[in-house]
Amino acid sequence: MNDLRTAAEPAAAAVAVPEAVSALDRTGGGERRPGGRRAALGPVALVVAGGLSVQFGSAVAALLMPRAGALGVVTLRLAVAALVLLIICRPRLRGHSRADWGTVVAFGIAMAGMNTLFYQALDRIPLGIAVTLEVLGPLALSVFVSRRLINVLWAGLALVGVVLLGGGGFDRLDPVGAAYALGAGAMWAAYIVFSARTGRRFPQADGLALAMVVAAALSLPLGIMESGTKLAVPSTLALGAAVAMLSSVLPYTLELMALRRIPASTFAVMMSLEPAIAATAGFLILDQALSTLDALAIALVIGASMGAVRGQVGGGKKG
């Protein structure tokens, strides 16, 4: 991973998400290096890989829910992920400011809320539709914080694809499930903001490991109340560990690395790929067929994400 920039955030960070500029993209004199385009595509690959991992992990989680319940799956996912990250990262507990700890706690709360609300939605509505509604949070964030008109246009195109992916059937969904998915989207937007800030305040994945502990601690009582001893069944633990690795450890680490090198607004637009990935995972693992309208929607969403990426790579970043 790249070394952490330890400079303090500007006061405006409370309102607008700061843009992280990668040192790999420019030389000291401000001229773009020959390998700048390849370096800029690096975080794009990280985001895509993270999206594939988390959505296929969500499909496995849907298979686990009949055994452990929605809250039980969240608890297994976050608890195992926290344990793995603590072992790997061994984060330092000393030497951090009160603002650093506040950022970590906020990041952990966002993770716990995002996961809890999303799995409640997944227990009531199909995976592709749940992610379609959830991704409205990052899209709204992109429009709100973007300083470039082109990002607003790409976000609008992605929104059209998101609506089409719903197939005009949102009114037939369980309203409670839809509300949970929208709530998860709001927490997802908060996750993006605090993931970026945590990545700037802590070295490597230390902040992620600490935030995961916070999220696991918040979810543990809920999971125990709902599932109890079911969480200790070996086969359930094994599937829970797989979900933790696919849906938390790998994607969150990749996204944290990406957010150190691209603006959060561009990252939020790229999250529009998630419904397409989720629909594919639902088809391959949960036997949820894709219609022609789904294919059109996926094409629009991917086109919008590619446009956002091209604007990032070709136009550079605003410092």
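Author: Let's start with S227, which is found in helix α7, residues 206–227. Keep in mind that this is a predicted model.

Reader: Okay! Is S227 buried or exposed, and why?

Author: The idea is to look at relative accessible area: under 20% means buried, over 50% means exposed, and partly exposed is in between. S227 has 7% relative accessibility, so it counts as buried.

Reader: Which residues is S227 in contact with, leaving aside its neighbours within four places in sequence?

Author: Those are A68, G69 and G72.

Reader: And what does I150 count as?

Author: I150 sits in helix α5. Its relative accessibility is 33%, so I150 counts as partly exposed.

Reader: Which residues form a nonpolar patch on the surface?

Author: I150 is one of them, together with V143, L149, V152 and L153. Helix α5, residues 149–165, gives the patch its largest share, 4 residues.

Reader: Now the inside. How do I read empty space?

Author: Rolling a probe the size of a water molecule over the atoms shows where empty space is left. Here, searching the whole structure turns up 5 cavities of 30 Å³ or more.

Reader: What volume does the largest cavity have, and how many residues line it?

Author: Its volume is about 170 Å³, and 13 residues line it. Nearest the centre of this cavity lie V54, R77, M114, E134 and Y252.

Reader: Which helices supply at least two residues each of that lining?

Author: α1 (36–89), α2 (98–122), α6 (175–201) and α8 (234–259) do. The largest share, 4 residues, comes from α1.

Key: Residues numbered from 1 in each chain as written. Predicted model: local features only at pLDDT ≥ 70, side-chain atom pairs only at ≥ 80, totals over all residues. Heavy atoms only, no water. Patch = residues over 30% accessible without salt bridge, like charges linked within 9 Å, V, L, I, M, F, W, Y side chains within 5 Å. Areas by Shrake-Rupley, 256 points an atom, 1.4 Å probe, with all protein chains shown as cover. Salt bridge = Lys/Arg side-chain N within 4 Å of Asp/Glu carboxyl O. Buried < 20%, exposed > 50% of the residue type's maximum accessible area, 1.4 Å probe, protein only. Contact = heavy atoms within 4.5 Å. 1 Å grid on protein atoms, 1.4 Å probe; cavity = no way out; pocket = protein on both sides within 12 Å on 5 of 7 lines; lining within 4 Å. Points joined across faces, edges and corners; volume = space filled by probe spheres on them.
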